[in-house]
Amino acid sequence: MIPDVSKALLWLEANPAVLDGICRGIERETLRVTPDGHLAKTGHPESLGASLTHKWITTDFAESLLEFITPVDNNIDRTIAFLKDLHRYTARNLGSEKMWPLSMPCFIDQEEGITLAQYGTSNVGRFKTLYREGLKNRYGALMQTISGVHYNFSLPLSFWQAWLGIKDAETGKEQISDGYFRLIRNYYRFGWVIPYLFGASPAICSSFLRGRNTALSFEETEKGTCYLPYATSLRMSDLGYTNKSQRDLDITFNNLNTYVEGLKKAIYKPSVDFAKIGIKKEDKYLQLNTNVLQIENELYAPIRPKRVTKEGESPSDALLRGGVEYIEVRSLDINPFTAVGVDETQIRFLDLFLIWCALADAPGMGIEELDCCRQNWNKVILEGRKPGLDIGIGYGIEQQPLKVVGQELFRDLERVAEVLDACSGTQYQSVCKELVTMFEDPSLTFSARVLGKMKAQGIVGFGLELANKYHEELIEEPYSILSDEKFSVERDVSVSLQHRLEQQDSMSFEDYLKLHAGR
């Protein structure tokens, strides 16, 4: 059914200290909305600082799409507390606007009214905005207003030293990278468990479908909400963060070199469809280039291998230089049951699951099996709560009931939980006991819990009720870690840094594009 992890679990149980020092970071996106639940058309609030250079509060695709970034930390409570402080400060600086608590967007009357994120007049700032112009022209602006949570995770060096027998991070970087790619392959095979448990976008506002062709047979309520009865995460479906033009890319996850090779090929692979858009119309740039990917970050994936880049370095070059430093999980919907979009239960589950993925055998994965895995994900995304749903386990292997596979996986996760809890209570084991029940009773999943409310109140009504509730909570709560003074300092520093970048540019934007746009 699932890989035999018994020997690895015995090793882990004999060496629990190797998990001390797991590091995490969270990136949470959220739209700013008006009091009536429409997309805000105001610019990024000046009181929050410069979005180009702020360490913690920035924007993603649009001016109205906020993104909060926590520092790397090895303490879950501190990470959540920091994230809450970012939300508390922002709530106090939004005026009448609120933060949208759902992954799928609020009511958007006109796609043309979505303003791209603005990062000032520096070459790097203009480059970031032009990249977003390309995304808009390639895929439409509506898709880019979908919000999610990214979870950054790294195992401590002590784990890799004991597990792989390496001396240090530098001499062992190839083995560590291989270890993370093993994790990634298992994530592709079994990561559908994440949208099953935590997918919270089974419905969308009808305004999102305006003018879009889709093969999905939606049911629609009187309140303008379109839904699929057993869907878990429409955000992860073809309506959201998938890209059909990328399906033919020969990008696999068997090792670092072949992954980077495939990624670099995609950067320079011409696209017939994107060539029709053109690079420039009169004096206005339309995209960075006409290749399948404008830059590496355009590759849509539910998980990414990552390393912190140096100035001017591409993500793939950083990986080649130092190996995989951490992985970025990108398949979490916004959790509507908390003001900050993610909670401790989800973090602890991801810890358990990602550790399991690192321990379990993971044979090499070709394009055929990768397609099979994507079909599994799509099945769970569109009908994950359907009674009797089967799931594929490996390429060419007979399908098994999702419920049975999920319960078997959790038997392993419970043993990992016991190791993590050995010195600190029963929190991980409690997470297992809470979540495993969702396979027996799908009505307990996030998607089931929100669907009834979305149908009854409409997406806008449900989202606005939560947005107002969380806004009041956040502005009333005191800071846990940060302070108004610290936020003011970071705001001023970010404005100063952006100004400095704008003053230091020594070449024209056209010359900058020749160097960086991959044409």
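## Basis

The model is predicted, so local features need pLDDT of at least 70 and side-chain atom pairs count only at pLDDT 80 or more, while totals for chains, interfaces and linings use all residues. Residues are numbered from 1 along each chain as its sequence is written, and side-chain values use heavy atoms, with hydrogens and water left out.

Helices (H or I, at least four residues) and strands (E, at least two) are DSSP runs numbered from the N terminus.

## Helix H5 against H11

Helix H5 (residues 173-190) packs on helix H11 (residues 367-383) at an angle of about 45°, and their axes are 7 Å apart. H5 is therefore oblique to H11. Axes are lines fitted to C-alpha atoms, for helices over the stretch in contact, and angles run from 0 to 180 degrees between N-to-C directions. Angles under 35 degrees count as roughly parallel, over 145 as roughly antiparallel, 65 to 115 as roughly perpendicular and the rest as oblique.

On the H5 side, Tyr-187, Tyr-188 and Arg-189 meet Glu-369, Leu-370, Cys-373 and Trp-377 of H11; contact means heavy atoms within 4.5 Å. The residues of this contact are five nonpolar, no polar and two charged. Here Ala, Val, Leu, Ile, Met, Phe, Trp, Tyr, Cys and Pro count as nonpolar, Asp, Glu, Lys and Arg as charged, and the others, Gly among them, as polar.

Asn-186 belongs to helix H5 and counts as buried because its relative accessibility is 1%. Buried means under 20% relative accessible area, exposed over 50%, and partly exposed in between (1.4 Å probe, protein chains only). Leaving aside residues up to four places away in sequence, Asn-186 touches Pro-3, Gly-191, Cys-357, Ala-360, Asp-361 and Ala-362.

Pro-363 sits in the loop between helix H10 (344-359) and H11. With 54% relative accessibility, Pro-363 counts as exposed.

In helix H9 (residues 315-322), the buried residues are Ser-316, Ala-318, Leu-319 and Gly-322. Viewed down the axis of H9, they fall within an arc of 160°, so they line one face of the helix. That arc is taken over the directions from the helix axis to the C-beta atoms. The buried residues of H9 pack against H5, helix H7 (256-268) and strand S11 (303-306). Just after H9, Gly-323 has a positive phi of about 80°.

S11 is covered on both faces, with Ile-303 and Pro-305 buried on one side and Arg-304 and Lys-306 buried on the other. S11 runs antiparallel to strand S12 (residues 326-332), and four bridges join them. Ile-303 is placed opposite Val-329 in S12.

## The S6-S8-S7 sheet

Three strands make an open antiparallel sheet in the order S6-S8-S7; two strands pair if DSSP finds at least two bridges between them. Strand S6 (203-205) and strand S7 (219-220) are the edges, each pairing on one side only. Two bridges link S7 to strand S8 (residues 225-227), and Glu-220 stands opposite Cys-226 in S8. Helix H14 (residues 446-476) lies across S6 and S8 and runs at about 5° to S6.
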